[in-house]
Amino acid sequence: MSHTIIHQKQKLLNRVRRIRGQVDAIERALQGEAGCAEVMHLISASRGAMNGLLGEVVEEHIRTHLVDPVKHRGALDRNAVDQLVELVHSYFK
């Protein structure tokens, strides 16, 4: 995980702050007795943001730890890595 933090720390922290803002909006909506549709929309948006964050961390993990040809002699080639990352991202949408 340390590679992810070193390379993308500020980017990931900014995403976490946006997610925190979205969760705060859910809390405000619930406190203000907003309609169900609005609350579900807010929850869905925050879930999407969380999935996006998870996708970024998983991608970095794949590229850094699982398929690094320097560390792993039988690592996947670049095309296979790109296909794997695309597949993983598709599950987080």
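## Exercise 1: one glutamate and its salt bridges

Glu56 lies in helix H2. (Helices are DSSP runs of H or I with at least four residues, strands are runs of E with at least two, and both are numbered from the N terminus.) Before you start: this is a predicted model, where local features need pLDDT of at least 70, side-chain atom pairs count only at pLDDT 80 or more, and totals for chains, interfaces and linings use all residues. Residues are numbered from 1 along each chain as its sequence is written, and side-chain values use heavy atoms, with hydrogens and water left out.

**Task.** Work out whether Glu56 is buried or exposed, and find which residues it forms salt bridges with.

**Solution.** 

Step 1. Start with the accessibility. Glu56 has a relative accessible area of 16%, so it is buried. The cut-offs are under 20% for buried, over 50% for exposed, and partly exposed in between, with a 1.4 Å probe and protein chains only.

Step 2. List the neighbours. Skipping residues up to four places away in sequence, Glu56 touches Gln8, Lys11, Leu12, Arg15 and His89. Contact here means heavy atoms within 4.5 Å.

Step 3. Look for charged partners. Side chains of opposite charge can pair when their charged atoms come close. The criterion is a side-chain nitrogen of Lys or Arg within 4 Å of a carboxyl oxygen of Asp or Glu. Lys11 passes, with its closest N and O atoms to Glu56 3.3 Å apart. That pair links distant parts of the chain, as Lys11 sits in helix H1 and Glu56 in helix H2, 45 residues apart. Arg15 passes too, at 3.6 Å from Glu56 between the closest N and O atoms. Arg15 is in helix H1 and Glu56 in helix H2, so this bridge ties together parts that are 41 residues apart in sequence.

Step 4. The structure holds 2 salt bridges, and Lys11, Arg15 and Glu56 are linked in a network of them. As for Lys11, its relative accessible area is 42%, so it counts as partly exposed.

## Exercise 2: the fold and the core

**Task.** Describe the overall layout, then pick out the residues of the largest nonpolar core.

**Solution.** 

Step 1. Count the elements. You get 3 helices and 0 strands, which read as α-α-α along the sequence.

Step 2. Check helix H2, residues 36–66. Its 31 residues reach 42 Å from first C-alpha to last, close to the expected 45 Å at 1.5 Å a residue. (The expected span is 1.5 Å times one less than the number of residues.) Buried positions in H2 include Val39, Ser46, Leu53 and Gly55.

Step 3. Find the core. In soluble globular proteins, nonpolar side chains tend to be buried together. The definition takes buried Ala, Val, Leu, Ile, Met, Phe, Trp, Tyr and Cys residues joined through side-chain atoms within 4.5 Å. The largest such set has 5 members: Ile62, Val67, Val81, Val85 and Val88. Helix H3 (residues 78–91) gives the largest share of this core, 3 residues. Leaving aside neighbours within four places in sequence, Val88 is in contact with Val58 and Ile62.

Step 4. Zoom out. Of the 93 residues, 24% count as buried. Among contacts with a separation of 6 or more, 57% come from residues 24 or more positions apart.
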